[in-house]
Amino acid sequence: MLYYLLADGKPVTLEQMGVNQAVQTLVTTNGKLGKLNQESLHSAFIRQILNGERLNFKNGYRLMEEREVWQINNPLWAIGGVVISGSFDGEVIQQRGNYFLVGQVNYALSDEFSKPLDLTNTGYSLLQTEFGTPFSITGSWTEPVNIMISKQQYEKVKTLLNSPTP
């Protein structure tokens, strides 16, 4: 909030805010960011890759809805809603009758901190006038992928990797 009030709108990173690890943990922990208890955002994306559905995604998520974040002095609560995207960079390997998905998922987060009194990111705040300078929040990281997969999954991912990108 002080940055919004006193700074000149320069972008800030998750790392500069000291919350990069906390966001990474939300992405890789089961039951977070609207996922079911047995799945994380990361594992859901890997499942989609293995089903031959997609190699990248971009969706909105609400950090403030996470239980451990729901504290007004927590920077993740102040960030509120964000856009997280991910893209798989890797390959499928066949080795001695076994199949593997190997590579990494490149994640990126973006947000525009512009209306601090819009606690639910609806575009409506208690005061409709700006009294500070909006700024962007960004972050990026990678998560390694090295898992054994079935022959059927191997074929699906191989097809997906060889298809032209839209």
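From the N terminus on, the elements run α-β-α-α-α-β-α-β-β-β-α. That makes 6 helices and 5 strands, taken as DSSP runs numbered from the N terminus (helices H or I, at least four residues; strands E, at least two). The model is predicted: local features need pLDDT of at least 70, side-chain atom pairs count only at pLDDT 80 or more, and totals for chains, interfaces and linings use all residues. Residues are numbered from 1 along each chain as its sequence is written, and side-chain values use heavy atoms, without hydrogens or water.

**Core**
- The largest nonpolar core has 35 residues: buried Ala, Val, Leu, Ile, Met, Phe, Trp, Tyr and Cys joined through side-chain atoms within 4.5 Å.
- Buried means under 20% relative accessible area (1.4 Å probe, protein chains only).
- Ile84 and Leu101 have the most contacts inside this core.
- Strand E4 gives the most to this core, with 6 residues.
- Beyond its neighbours within four places in sequence, Leu101 is in contact (heavy atoms within 4.5 Å) with residues including Ile46, Phe88, Val145 and Val157.

**Aromatic pairs**
- The count is 4 aromatic pairs; rings of Phe, Tyr and Trp (its six-membered ring) pair if their centres lie within 6.5 Å, with planes under 30 degrees apart stacked, over 60 edge-to-face and the rest tilted.
- The Tyr99 and Tyr154 rings have centres 4.8 Å apart and planes at 45°, so the pair is tilted.
- This pair joins strand E4 (residues 98–113) to helix H6 (residues 151–162), 55 residues apart.
- Both Tyr99 and Tyr154 are buried.
- Phe45, Phe57, Tyr107 and Trp141 form a cluster through ring pairs.

**Whole chain**
- Of the 166 residues, 37% count as buried.

Methods: Buried < 20%, exposed > 50% of the residue type's maximum accessible area, 1.4 Å probe, protein only.
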